[in-house]
Amino acid sequence: LGWSGGSAAADCAGCSVGSYASAAGASRCMLCAAGAYASVSGSTSCSLCSAGSFGSASGLSVCALCEAGTSLARTGATSGSECVDCDVGRWSDWGQANCSICDTGTYANASHSTRCSLCERGSFASSHGSSMCAQCTSGFVSDDVGRSTCLWCSPGSFQALMGSTVCAQCRPGSFSSRNASSVCDACTAGNYLPVSGASACLLCGPGNFSSDGANLCTMCDSGTFFSSLGAANCSECSAGTFASGVGSTACYRCDAGRYANRKHASNCSNCPLGTFSTSQGATMCQNCSAGMFMTMEGANSSSLCQLCSAGSFSNTTGETSVAVCKLCIAGSYASVLGSTSCQLCPAGTFLRSAGGSASSSCEACPRGSFGLTTGLSSCANCSAGYYSDQVGSSASSSCLGCLA
């Protein structure tokens, strides 16, 4: 076996590498098929190319290795085209059956990679098989290569930029109270901080105030007040209240009948004519309603608004004199006090004079006349040759022709 030749044993020759003879008495050796090889002479069989290699021709003594950055899982491959590129996040050396996965802290960002690269400072790869390293997000840093995680900035420090390698201290007037801060928070108004790298701010004392980001507090000006710690501003009195002196610790509400329509008032004003306020702390006075008027200042009740008399009306608010109450015109009336309009006498009735104060002021049209519309000051007479014996007629058809 593994030999071929003539009629005598001396005539048999061993098969050369890359060929074989599997049966005794063979007259010639057979070449190994593509995808197989025989690495020694006198072989009785060929071996399949192992995973990670291939044989593209017959008669091979050795198989070719898949190049670095590729892999081939099956045996007996016949072509280098069967070697598959490693995916991103994986790599291989020559002749590999499988590609290896990149460790944490490393990456391979292209297929056909022959090695994984270390993540640079300011970046990380937390999982195996990464195709790229992620930048450390704001609030985190990476101070070395090959990091699988980033380090957070501790309280009193921050980092606003992605991909950073070091944290910065908060400046005076600002702080960070938690891990992984991307910004330092300004001390809010009413607080201050005179040092850097702090995790909390200090409250301003009574009688002092501060704006955002202050490293010192400022004393309150005169005409303002604040009674407790942490003043953002020395407060103004709100509308409807007043403080008549400096250094006040509270503001006082305007009395009923008075008002303050602006902040920072030092006194309240009387409600003007035609208006009133019924409660303390008024920011404006209410107008007397239509049909009413007011002749005094500082009124503290709506009952002080006087009503227009029956037979008159007013349709505007906040009036200051009885002169605003106008008499109802002829053909109309107002039967209640404080009327805002007059009612028209109905069709078939009339009212000659102004100032009608009741519906009974409207008279029915007499016989021989009629009233087609409402609000008449006189009725129309039937035409010559016509008569009507109806009282309060509202139609011309009630006039009948006289008999010849």
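**Ground rules**

I worked on a predicted model, where local features need pLDDT of at least 70, side-chain atom pairs count only at pLDDT 80 or more, and totals for chains, interfaces and linings use all residues. I number residues from 1 along each chain as its sequence is written, and side-chain values use heavy atoms, with hydrogens and water left out.

**Entry 1: the disulfide search**

How many disulfides does a search of the whole structure find? I got 21, taking a disulfide as a pair of cysteine sulfur atoms within 2.5 Å. As a reminder to myself, such a link is a covalent bond between the sulfur atoms of two cysteines. I then looked up several of these pairs one by one.

**Entry 2: Cys86 and Cys99**

I found the sulfur atoms of Cys86 and Cys99 2.0 Å apart, in a disulfide. The S-S torsion of Cys86 and Cys99 is about -85°, so I noted the disulfide as left-handed. The pair links distant parts of the chain, 13 residues apart. Cys86 sits in the loop between strand 10 (84–85) and strand 11 (90–91), and Cys99 in the loop between strand 11 and strand 12 (100–101).

**Entry 3: Cys254 and Cys268**

Next I looked up Cys254, which a disulfide joins to Cys268 with S to S at 2.0 Å. I read -80° about that S-S bond, a left-handed link. Where do the two ends lie in the chain? Cys254 is in the loop between strand 28 (252–253) and strand 29 (258–259), while Cys268 is in the loop between strand 29 and strand 30 (269–270). The pair links distant parts of the chain, 14 residues apart. Cys254 is buried at 0% relative accessible area, and Cys268 is buried at 8%.

**Entry 4: Cys345 and Cys362**

Here I found a disulfide with S to S at 1.9 Å and a left-handed link at -75° about the S-S bond. Cys345 lies in the loop between strand 38 (343–344) and strand 39 (349–350), and Cys362 in the loop between strand 39 and strand 40 (363–364), 17 residues apart. Cys345 counts as buried at 0% relative accessibility; Cys362 counts as buried at 11%.

**Entry 5: Cys402**

At 49% relative accessibility, Cys402 counts as partly exposed.

**Entry 6: salt bridges**

Side chains of opposite charge can pair when their charged atoms come close. I listed 3 salt bridges in the structure, each a side-chain nitrogen of Lys or Arg within 4 Å of a carboxyl oxygen of Asp or Glu.

- Glu82 meets Arg74 at 2.8 Å, N to O; Glu82 is partly exposed at 23%, and Arg74 is partly exposed at 41%.
- Arg147 pairs with Asp143, closest N and O atoms 2.6 Å apart; Arg147 is partly exposed at 27%, and Asp143 is partly exposed at 41%.
- Arg178 pairs with Asp185, closest N and O atoms 3.6 Å apart; Arg178 counts as partly exposed at 42%, and Asp185 counts as partly exposed at 27%.

Definitions and conventions: Helix = DSSP H or I, 4+ residues; strand = E, 2+ residues; numbered from the N terminus. Buried < 20%, exposed > 50% of the residue type's maximum accessible area, 1.4 Å probe, protein only.
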